[in-house]
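Open the model in your viewer and keep the selection panel at hand. This tour moves from stop to stop and says what to select at each.

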Amino acid sequence: MKIPRTLRILLAIVVTLVAGCQGGGGAPEFPPGAKVLRLAEINDVPTLDPAAGYDTVSWEFEQMLFSTLVRYGEADVKLHPEAALAWAVSPDATVFTFHLRHDVRFTSGRAVTSADFRYAIERVLNPRTSSKGMEYFRAIVGAPAFIAGRAAHVSGIETPDPWTIIFHLAAPDPIFVDKLAMPFASAVPREAVARWGEDFSRHPVGSGPFMLKQWIGGQRIVIVRNPDYFIRGLPKLDAVVDLLGVSAELEWLKFEAGEIDVSAIPTAEFAYVMKTPSLKRLTTHRVTVATQYLGMNCQMAPFTDVRVRQAFNYAINKRKLIAILNGRGVVAHGVMPPALPGYDPGLTGYAYDPERARQLLAAAGVSHGLAPELWLLADQTELMVGQSLQQDLALVGVNLTLKPIALAPLLEAVRQPNTVPFMAFGWEADFPDPSNFLSVLFSRSQWGANNDTFYYNPRVDALLREAAPVTDLQKRYALYQQAEKIIVADAPWVFLYHPVAYVIHQPWVHDFVLNPMRPTRLEKVWLSPHR
Amino acid sequence: MKRRRFNLMELIGALMVAVLIAVALLAPLIAPHDPTRAVAPTFGNPGPPSAAFPLGTDELGRDVLSRIIYGARISLTVGLAAVAVTLAIGVTIGLSSGFFGGAIDFLLMRFTDVMLTLPGLLLAMALVTVLRPSLLTILLVIGLVSWTQVARVVRAETLSLSQRDFVVAARALGAPSRRLIVRHLLPNVMPIIIVMAALGTSGTLLLDAGLSFLGLGVPPPTPSWGRMIEEATIYFRTAPWLATFPGLAIFYAVLSFNLLGYGYLRRRRQQ
Amino acid sequence: MLAYIARRVVFGAVVLLGTSLITFLIAFVIPADPAVAMAGAKADPQTLATIRHELGLDQPLYVQYGRYLDRALHGDLGRSYIRRQSVTKLIASRFPATAILAVSAMVLSLAMGVIMGMIAAAWRDRAIDHVLLLISLGLVSVPVFWLGTMLLIAGGLYLRDFPLGGFSGIKSLVLPTITLALGSAGYYSRILHTNLIDVLGQDYIRTARGKGLTPQRTMLKHAMANAMLPLVTLAGLDLAGLLSGVVLTETVFDWPGIGRLAFEAIFNLDVPLIMGTVLFAAFLIVVANLMVDLLYLWLDPRIRLEQAP
């Protein structure tokens, strides 16, 4: 009969599919006793191309697959040598000379030379690459000509021999070396990029402690030890397997089942973990160099009036907010986070004072009828924060509406003038210097870029300009702290909190440390025997 | 005996719908608390059902029972308004197609075919994302992606009715089209339209709940059942009741319209 | 008969063309500047202009549509703005996960639906018929994402060793399949029930019974074949729908399928990926329609005879 036949065919298909599947594309097999670190991730890895990646997940892997001239420590933000043995900075901070190691090799076999670093940075500056790291290297002499296509190379990057590279800057920049620690400045082999083009992300060739073994989009990424890594004895792991597209709750379940070795702690479980001593001692945490804030557009009503901005600062109950986030934050008194060099511990900021808020709003003539719209990232935590803010503002007569939106369109919108009046955002330091917060977020020249509050105070601008070339750290930080005090008084932000990152690991995982600014480095992590 | 049973389904459905509408209308009177204010200090740690809060409190300290009661307002508004849009479009197209036939029928049906191949949920998601997610947008979008079924059914009914003697006769006598449609066809197509309205509402309710679950529904803090479930998923092990109750509410609402529509259909079939 | 098939194919192609046009137009309404999405808003205007030129965005609309169509026919659906990977490859990489879930769910829902429908029709108007009716109505009234979440909760509470989400072998298939299948099972059981009742009341069935065949035999042999046909065609169309991704179930269970890919694309206003997934879904439906037409042709001799020259 015809019907049973159709069913039989269907059944056959199902059986074949099911039998042929081993959890979706074979997982790589490791020999018994191999030290494999197993992780999980909510999102897919966006890219492994150093010129393209500008997010935590991409950087996590890029810093393991590639080498930069310098890098940060495991748990600190001090500069250490990586591909460079030593470097020298001219007193006026315009000439930077690096001496490379002779034993760095790409996984394709050939040695890494100064030409490779120059190629990497020119690739980032090339408009065709459309790299977001372009702005960090624009100040190199000859970069504008190169970008405009008038020169074949950037004249300010000198490679007198294969083991020396010298950078000449058009203006003094005391933190230029930090820019070279970003994955944008990783050495990449020109021939591999020429071969793979835009698919270089899927076939990365680097000189880092690991190399890519397998990457199935949305499912799994596997990196294995690079046997030719120039530091003997590292990495201590044989491989790292990262499951992709795993939600926070699922990651936790897998951690409990022993299927993964390190996990973030989901909101719902946090209280339980902290109350259980055997679990609590397996957690690590670190205050990040980040600040979460509410940005108020100083050029759009009602936030043109400083009293309204200050009122909002007094109206928000930050402790309640941190409680809703399970205590994973510290109240922010100002712009700069505690872990940032140059942080001002003496800043007191705004206390929770709804009465004062109401007075200020009345003084500004807007005690009723204020109905601002908060633009925020459409993710669960942000929406919880948003609803907590709605509760607080309702108590002072402000009717807040929420406008959840995806990251890409949000980033685009905040850069247009007169578009976004009120937004919820965070800023994380890219390098350990106050300029990375204050100049980037509050100077007039950054209107339409990162100064999404369109804030302008000529005194602040003058201080920022004065501080930029100063190499004496004490003087430098003092100037920036002065600027910060003015900014806090002007209140273009509601200063919310500095997030604290928490992670839990299995008892057999060692030396997994959190860095305040960068994703964790994995080459020194080791596993004791288990199972 | 048989007829009584089918009427029973319709009756129960109607009763359930009536209760739902009553709850939605009387929300400010029956809800014990304001659904958006924090009334319990359970920040970050949802509270279990208790005497003071029969359905518990959520991670922002709000009373779940009040939120479910107020949620009925949004669900019903979107569900019924969207079905109105669906019917407006679907009945117009179906009637025109079935009555006029020829080129009009061909074009309208091809257009319907194209709409049928477009994935409804994806389209709704894309449209809501592009336009502002507000009450009006959502009910329009849901209505826009749900009319194809109605159009086809109404067309089939219209076609079969158009062959009947009384219509043929009226046409031969030179009756104007509009009169024919309104006076003769519409009343006869009405039972099908009523069934589609009821079953359609259950569909729009589900679609709205789905969109809210994906974060594309009416924005917070207005309580929406779908979004309540989405917010509760992270607490699925420590506070499972948070996800259970809004789901039961959706189930109740959808079931009530299904019972009503299906019961009515059965009763008409018997006659 | 060949003429009939040819006509259906051409018809399907035309519908697909119409769909691609609508999709393209909608994509144009989406307020996302791809140059900014790729290079970041900090990039200077010259870079942005270069990117726009490379993507062909400075051409008139119809030229862009033409190029898109031409590339699509060669299997190139462009590159995702956010992920910078080929859209075709992205969809292809997610397809196996979606396919296996879709097929499993279809098999389960058909099996359940057919059994429920048969029993309800066989014992018509008895208690079991009404109970099954209520169960079916209940099943189609349950929101699929809530059902999934409830199953997750039950699994988390009572089944310690069960994988709860993600695609990691056969065990992880169980909960999502059940979630997807139950609603359709209720729906299919009603359709089969209605069709069976209709068919059983027809003349040739009465003749068969008159010949002395037992009621059960009658149903199985004659009635089922005819009652199943509309159901199978419906299931075929549904399968096409399932194969283009089920966003809600995939979201609840972290299933790495096309549905979630489409959701992320919409969320990020990643236009090429949105268009790619929508077109893929439409393509599946058109193909399914064609196959259903052919199936009818094969199974129902009356149509075949009508088409004979």
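**Stop 1: chain B as a whole**

Select chain B: it holds 11 helices and 0 strands. Here helices (H or I, at least four residues) and strands (E, at least two) are DSSP runs, numbered from the N terminus. This is a predicted model, in which local features need pLDDT of at least 70 and side-chain atom pairs count only at pLDDT 80 or more, while totals for chains, interfaces and linings use all residues. Residues are numbered from 1 along each chain as its sequence is written, and chains are lettered from A and ligands numbered from 1 in the order in which they are written.

Follow chain B from the N terminus and the elements read α-α-α-α-α-α-α-α-α-α-α. Its C-alpha atoms fill a box of roughly 75 × 50 × 30 Å along the principal axes. Of the 271 residues in chain B, 54% are buried. Buried means 20 or more other C-beta atoms within 10 Å of the residue's own, exposed means 12 or fewer, and partly exposed lies in between, with C-beta atoms placed from the backbone.

Among the contacts in chain B with a separation of 6 or more, 70% join residues 24 or more positions apart.

**Stop 2: a loop in chain B**

Select B:D34. It is in the loop between α2 (27-30) and α3 (64-100) of chain B.

**Stop 3: where chain A touches chain B**

Show both chains. The contact takes 25 residues from chain A and 18 residues from chain B. On the side of chain A, the elements giving two or more residues are α8 (248-256), α9 (267-275), α12 (318-324), α14 (380-394) and β16 (401-405). The largest share, 8 residues, comes from α14(A). By type, this side of chain A has 12 nonpolar, 9 polar and 4 charged residues. Ala, Val, Leu, Ile, Met, Phe, Trp, Tyr, Cys and Pro count as nonpolar, Asp, Glu, Lys and Arg as charged, and the others, Gly among them, as polar.

**Stop 4: a sheet in chain A**

Select β4 (residues 84-89) and β5 (residues 95-100) of chain A. They pair in the antiparallel sense over 5 bridges; pairing requires at least two DSSP bridges between the strands. Across the pair, A:W87 stands opposite A:F98, and A:A88 stands opposite A:T97. The hairpin has 5 residues between its strands, and there A:A93 takes a positive phi near 55°.

In chain A, 4 strands form an open antiparallel sheet in the order β4-β5-β7-β6. β4 and β6 (157-161) of chain A stand at the edges with a single partner strand each, so one side of each has no neighbour in the sheet.

**Stop 5: a covered helix in chain C**

Select α12 (residues 258-267) of chain C. This helix is mostly covered, with 10 of its 10 residues buried. Among them are C:R260, C:F263 and C:E264. Finish at C:L269, which follows α12(C) and has a positive phi near 55°.

Terms used. Contact = placed C-beta atoms within 7 Å.
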